[in-house]
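Subject: Structure handover

Hello,

The structure is below, followed by notes on what was found in it. Please read the notes with the model open.

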Amino acid sequence: MCSPHLTEAGVLARRREPGWPSRVHYTLTAQGQRLGPVLQALWDWGAQHHQPPPSTET
């Protein structure tokens, strides 16, 4: 299930297919696709600043 906030913000488009069971498809909008570089920058930052968890060995 997708958050309605993303569709309300225009990041995702929601399309429901009729029938049983019902099916819902989500696709990125042009606005959502523009978030790609932002998400990549966050990923890169996280990879550079990752610290392994402290060792529990004694």
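**Helix H3 and its surface**

Pro37 is exposed, at a relative accessible area of 58%. Here buried stands for under 20% relative accessible area, exposed for over 50%, and partly exposed for what lies in between, with a 1.4 Å probe and protein chains only. Before going further, note that this is a predicted model: local features need pLDDT of at least 70, side-chain atom pairs count only at pLDDT 80 or more, and totals for chains, interfaces and linings use all residues. Residues are numbered from 1 along each chain as its sequence is written, and side-chain values use heavy atoms, with hydrogens and water left out.

Pro37 sits in helix H3. Helices (H or I, at least four residues) and strands (E, at least two) are DSSP runs, numbered from the N terminus. From Pro37 to Tyr26, eleven residues apart along the chain, the C-alpha separation is 20 Å.

H3 covers residues 36-48, and its 13 residues should span 18 Å at 1.5 Å a residue; the end C-alpha atoms are 18 Å apart, which agrees. The expected span is 1.5 Å times one less than the number of residues in the helix. Of these 13 residues the number buried is zero, so H3 lies largely in the open.

Leu39 belongs to H3 and is exposed, with a relative accessible area of 55%. Asp44 is also in helix H3, but Asp44 is partly exposed, at 35%. The C-alpha atoms of Asp44 and Val11 are separated by 22 Å, with the two residues 33 apart along the chain.

Leu39 is also one of the residues in a nonpolar surface patch of about 370 Å², made together with Leu35, Val38 and Leu42. Patches are made of residues with over 30% relative accessible area and no salt bridge; like charges are joined within 9 Å, and nonpolar side chains (Val, Leu, Ile, Met, Phe, Trp, Tyr) within 5 Å. The areas come from the Shrake-Rupley method with a 1.4 Å probe, and for residues only the protein chains shown count as cover. As background, an α-helix has 3.6 residues a turn, so residues three or four places apart point the same way.

**The hairpin**

Strands S1 and S2 pair in the antiparallel sense over six bridges; pairing requires that DSSP finds at least two bridges between two strands. Arg15, in strand S1, has His25 of S2 as its bridge partner. For Arg16, the bridge partner in S2 is Val24.

The hairpin has five residues between the strands, and Gly19 takes a positive phi near 120 degrees there. Pro21 lies in the loop between S1 (12-17) and S2 (23-28). The peptide bond from Trp20 to Pro21 is cis, with omega near -5 degrees.

**The salt bridge**

How many salt bridges does the count come to? The count is one, where a salt bridge is a side-chain nitrogen of Lys or Arg within 4 Å of a carboxyl oxygen of Asp or Glu. Glu17 forms a salt bridge with Arg15, and the closest N and O atoms are 3.6 Å apart. Both residues are partly exposed: Glu17 has a relative accessible area of 28%, and Arg15 has 47%. Arg15 and Glu57 are 51 Å apart, C-alpha to C-alpha, and 42 residues apart in sequence.

**The chain as a whole**

The protein chain has three helices and two strands, in the order α-β-β-α-α along the sequence. Its C-alpha trace spans about 60 × 30 × 15 Å along the principal axes. The radius of gyration of the protein chain is 18 Å, whereas a compact globule of 58 residues would have one near 10 Å. That radius is taken over C-alpha atoms, and the globule rule is 2.2 Å times the number of residues to the power 0.38. Of the 58 residues, 7% count as buried.

Regards
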